[in-house]
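Take a walk through this two-chain complex. Keep the sequence beside the coordinates as you read.

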Amino acid sequence: MQLISSVSVGGAGAATIDFTSIPGTYTDLVLMLSGRATSTTATITVAFNGSAASFTNIYLQGDGSAVTSTTGTTLVGNASISTNTASTFGNLSILIPNYAGSANKNFSVDVVTENNATTAFEQIFTGVWANTAAITQVTLSLANFAQYSNAYLYGILKGSGGATVS
Amino acid sequence: MALTKIVVNCETGVTEEIELTAEEVAVVEAAQAQSVIDLAAREAAETAKATAKASAQAKLTALGLTEAEVAALLG
């Protein structure tokens with residue numbers, strides 16, 4: 001797994017984190033996020049190639065008292081929010097296998113939020129973007145990413161020793 | 001404060017912080033609004049399910065079932 005690019009949010013915050021011009025030379029992508037919202041809106045949404053259309057997902061969630069499962073669209077998890085314990089950040093990891101292939105794009109997401117209280121979230125998602133285009137852009141949105149939120153985009157190579165095998 | 005996006009070009013490694021256009025703001029706000037709606041719908045469904053379960057438990061108890069029997073039925 002190789003780091004492609006990373007970003008750290010500055011003091012002004014940001015509504016979106018946008019990885020563009022992603023090379024198609026890997027087999028899979030992994031996006032890892034350490035995120036906190038500046039508001040009480042926890043929801044992180046995703047777009048591929050600038051599109052938020054044709055997403056469907058299903059997710060399982062535990063919130064400290066109940067377990068629920070439901071369907072959604074572009075939601076890929078919760079971040080820690082402004083009322084959560086200070087200086088805590090949620091973790092999110094998105095795996096996008098075969099992102100440069102010509103089939104619809106499946107993805108899975110693991111999420112936790114951090115909060116020293118009775119309510120915090122653990123979530124797992126499975127989703128599909130019904131689009132056959134190679135993914136060259138991944139965008140995450142939140143209202144808003146707080147300072148010190150970090151995102152890392154990794155590429156996975158299928159060969160041994162990090163080499164790409166054709 | 002204007003909404004901004006952080007754009008990382010993975011080919012060049014250049015990172016830019018850019019103010020969102022009105023169209024981009026609309027897309028972000030629509031996606032966030034939809035996700036909030038999704039969450040609210042899920043919570044409403046869970047509340048309705050819990051309410052229905054409590055009602056069923058009360059009715060079964062009124063019919064003479066023990067708590068253990070109700071629990072065995074409803075899980």
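A:Ser87 sits in the loop that links strand 7 to strand 8 (90–97) of chain A. This is a predicted model, so every value below is computed from predicted atoms. The phi of A:Ser87 is near 65°, which is positive although the residue is not glycine. Is A:Ser87 buried or exposed? It has 10 other C-beta atoms within 10 Å, so A:Ser87 is exposed. A second residue of this kind is A:Asn98, in the loop between strand 8 and strand 9 of chain A. Its phi is near 50°, again positive in a residue other than glycine. With 16 other C-beta atoms within 10 Å, A:Asn98 counts as partly exposed.

Move on to strand 10 (residues 122–129) of chain A. In a regular strand the side chains alternate between the two faces of the sheet. Strand 10 of chain A has antiparallel pairings with two strands. Strand 5 (residues 55–62) of chain A joins it through eight bridges, antiparallel. Here A:Thr56 stands opposite A:Val128. Strand 9 (residues 105–112) of chain A also pairs with strand 10 of chain A over eight bridges, in the antiparallel sense. In this pairing, A:Lys105 has A:Trp129 as its bridge partner.

Now turn to chain B. It holds two helices and two strands, and the pattern along the sequence is β-β-α-α. What radius of gyration does chain B have? The value is 25 Å, whereas a compact globule of 75 residues would come near 11 Å. The C-alpha atoms fill a box of roughly 70 × 25 × 15 Å along the principal axes. Buried residues account for 13% of the 75 residues in chain B.

Helix 1 (residues 22–62) of chain B has 41 residues. At 1.5 Å a residue it should span 60 Å, and its end C-alpha atoms are 59 Å apart, so the two values agree. Just after this helix, B:Gly64 takes a positive phi of about 110°. Within helix 1 of chain B, the residues B:Val27, B:Val28, B:Ala31, B:Gln32 and B:Ser35 are buried. The buried residues of the helix pack against strand 2, strand 4, strand 7 (75–78) and strand 11 of chain A.

Six strands form an open sheet in the order 7(A)-4(A)-11(A)-2(A)-1(B)-2(B), with mixed pairing. Strand 7 of chain A and strand 2 (15–19) of chain B stand at the edges. Each has a single partner strand, so one side of each is left without a neighbour in the sheet. From one strand to the next, the twist averages 25°. Helix 1 of chain B packs on this sheet, and its direction makes about 125° with that of strand 4 of chain A.

Where do the chains meet within the sheet? Strand 2 of chain A pairs with strand 1 (residues 4–9) of chain B in the parallel sense, over five bridges. A:Thr16 stands opposite B:Lys5 there. Strand 1 of chain B then runs antiparallel to strand 2 of chain B, joined by five bridges. In that pair, B:Val7 stands opposite B:Glu16.

The whole contact takes 29 residues from chain A and 24 residues from chain B. Strand 2 of chain A gives the most to the side of chain A that touches chain B, with seven residues. The residues on that side of chain A divide into 15 nonpolar, 13 polar and one charged.

Two spots in chain A close the tour. A:Ile4 lies in strand 1 of chain A. It has 22 C-beta neighbours inside 10 Å and therefore counts as buried. Beyond its neighbours within four places in sequence, A:Ile4 is in contact with A:Ile22, A:Leu153, A:Tyr154, A:Gly155 and B:Cys10. The C-alpha atoms of A:Ile4 and A:Gly155 are separated by 6.3 Å, although the residues are 151 apart along the chain. The other spot is A:Asn144, in strand 11 of chain A. The peptide bond from A:Ala143 to A:Asn144 is cis, with omega near -25°.

Methods. Residues numbered from 1 in each chain as written. Chains lettered and ligands numbered in written order. Predicted model: local features only at pLDDT ≥ 70, side-chain atom pairs only at ≥ 80, totals over all residues. Contact = placed C-beta atoms within 7 Å. Helix = DSSP H or I, 4+ residues; strand = E, 2+ residues; numbered from the N terminus. Nonpolar A, V, L, I, M, F, W, Y, C, P; charged D, E, K, R; others polar. Pairing = 2+ DSSP bridges. Buried ≥ 20, exposed ≤ 12 C-beta atoms within 10 Å, placed from the backbone. Expected span 1.5 Å × (residues − 1). Rg over C-alpha atoms; globule rule 2.2 N^0.38 Å. Axes fitted to C-alpha atoms, helices over the stretch in contact; angles between N-to-C directions.
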